[in-house]
Amino acid sequence: MDKLYDTHFHLDLQESRDEILDEIERNKIYTIAVTNLPPLYEKLKKEINSKYIKIVLGLHPELICQYSKYIPDMWRLLPDAKYIGEVGIDLKTQNESKKLQIVFFEELIERCGKLGKKILSIHSRMAASNVISIIGEDFNGKVILHWYSGSEKVLMQAINSGYYFSVNYSMLCSTSGRKVIMNIPDDKVLIETDSPFTFMNKKIFRPIQIPMIIEGIAKIKNKNTEQVKNDLWNNFVNLISNKQGHY
């Protein structure tokens, strides 16, 4: 298999990490491995040495209240991190910490904008309008809305701002998810597994199953699977490339 990638994957939460790592290496799956806390980012950076895996600096919105002591570590590590995630706002499970989430996310976007050229994988559950309002239309970097589930109106605002959207298998299996995928421009669709939080046949979705997502996207958009695969790969290349073309 070739031209495979995963823009949102939780390596540190995998029960069979060595097996998964081997799967990624053997199949050459370029993987953006998000983290939920800065200490996990630093730990994995020391442990993982692979041309196919990028360890990503994150502070998950569902954990920010409990682990606010790590916010200074985000600012310390931010200048040297090209990839940022998982970050964002969650108003479904963490509405009581809304103020802290918003203050942190506003500062994160401001800092990333000043530093420039960051790639962010963003959580926006029941907070898409908040997230998009904070990021704005002229962010100095690239934005991926991970597992988007907001309104069509806000989706259009994000599309007009040039954001990317990462699509997983679970989205293929719901009416709302399929509608979102149908509305995303072809050049802004990316692949994610969000493993271990997505499932196929009641089993955790694995990187090796990514072709199933490609086939599902092609079916929804009524397009040739091979062409969709090429388009998705080109989107990934455009996402990660800088002037030197480095991942």
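**Salt bridges, strands and surface of the model**

With a relative accessibility of 28%, E42 counts as partly exposed. This value, like the others below, belongs to a predicted model. A cut-off makes the classification clear: a residue is buried under 20% relative accessible area and exposed over 50%, with partly exposed in between. The side chain of E42 forms a salt bridge with R76, and the closest N and O atoms of the two residues are 3.3 Å apart. This pair links distant parts of the chain, since E42 belongs to helix α2 (residues 38–47) and R76 to helix α3 (residues 71–77), 34 residues apart. R76 is likewise partly exposed, its relative accessible area being 46%.

The salt bridge between E42 and R76 belongs to a structure that holds 15 salt bridges. Another is formed by E23 and R206, whose closest N and O atoms are 2.8 Å apart. E23 is part of helix α1, whereas R206 sits in the loop between β10 (203–204) and α9 (210–221), so this contact ties together parts that are 183 residues apart in sequence.

Together with strand β2, they make a right-handed β-α-β unit. Strands β1 and β2 (residues 30–33) run parallel and are joined by three bridges; across this pairing, Y5 stands opposite Y30 of β2. How enclosed is β1 by the rest of the structure? Five of its five residues are buried, and the strand is therefore largely enclosed.

Helix α1 has two contrasting sides. Its residues I20, L21, E23 and I24 are buried. Viewed down the axis of α1, the buried residues fall within an arc of 160°, which means that they line one face of the helix. D18 and R26, on the other side of α1, are exposed.

Attention may now turn to the surface. L13, W147 and F197 form a nonpolar patch there, with about 260 Å² of accessible area together. L13 is partly exposed, with a relative accessible area of 35%, and W147 is partly exposed as well, at 31%. The position of W147 is in the loop between β6 (141–146) and α6 (152–160). Its backbone deserves a note: phi of W147 is near 50°, a positive value in a residue other than glycine.

K202 also has a positive phi, near 65°, and is not a glycine. This lysine lies in the loop between β9 and β10 and counts as exposed because its relative accessible area is 82%. Strand β9 (residues 199–200) includes F199, which is partly exposed at 44% relative accessibility. F199 and S16 are 183 residues apart along the chain, and their C-alpha atoms are separated by 16 Å.

Two peptide bonds of the backbone remain to be described. S195 and P196 are joined by a cis peptide bond with omega of about 15°, and P196 is located in the loop between β8 and β9. A cis peptide bond also joins G85 and E86, where omega is about 10°; E86 is part of strand β4 (residues 83–88).

Key:
Residues are numbered from 1 along each chain as its sequence is written. This is a predicted model: local features need pLDDT of at least 70, side-chain atom pairs count only at pLDDT 80 or more; totals for chains, interfaces and linings use all residues. Side-chain values use heavy atoms; hydrogens and water are left out. Patches are made of residues with over 30% relative accessible area and no salt bridge: like charges are joined within 9 Å, nonpolar side chains (Val, Leu, Ile, Met, Phe, Trp, Tyr) within 5 Å. Accessible areas come from the Shrake-Rupley method with a 1.4 Å probe; for residues, only the protein chains shown count as cover. A salt bridge is a side-chain nitrogen of Lys or Arg within 4 Å of a carboxyl oxygen of Asp or Glu. Buried means under 20% relative accessible area, exposed over 50%, partly exposed in between (1.4 Å probe, protein chains only). Helices (H or I, at least four residues) and strands (E, at least two) are DSSP runs, numbered from the N terminus. Two strands pair if DSSP finds at least two bridges between them. A crossover is right-handed if, with the strands pointing away from the viewer, the path from the first strand over the helix to the second runs clockwise. The arc is that of the directions from the helix axis to the C-beta atoms.
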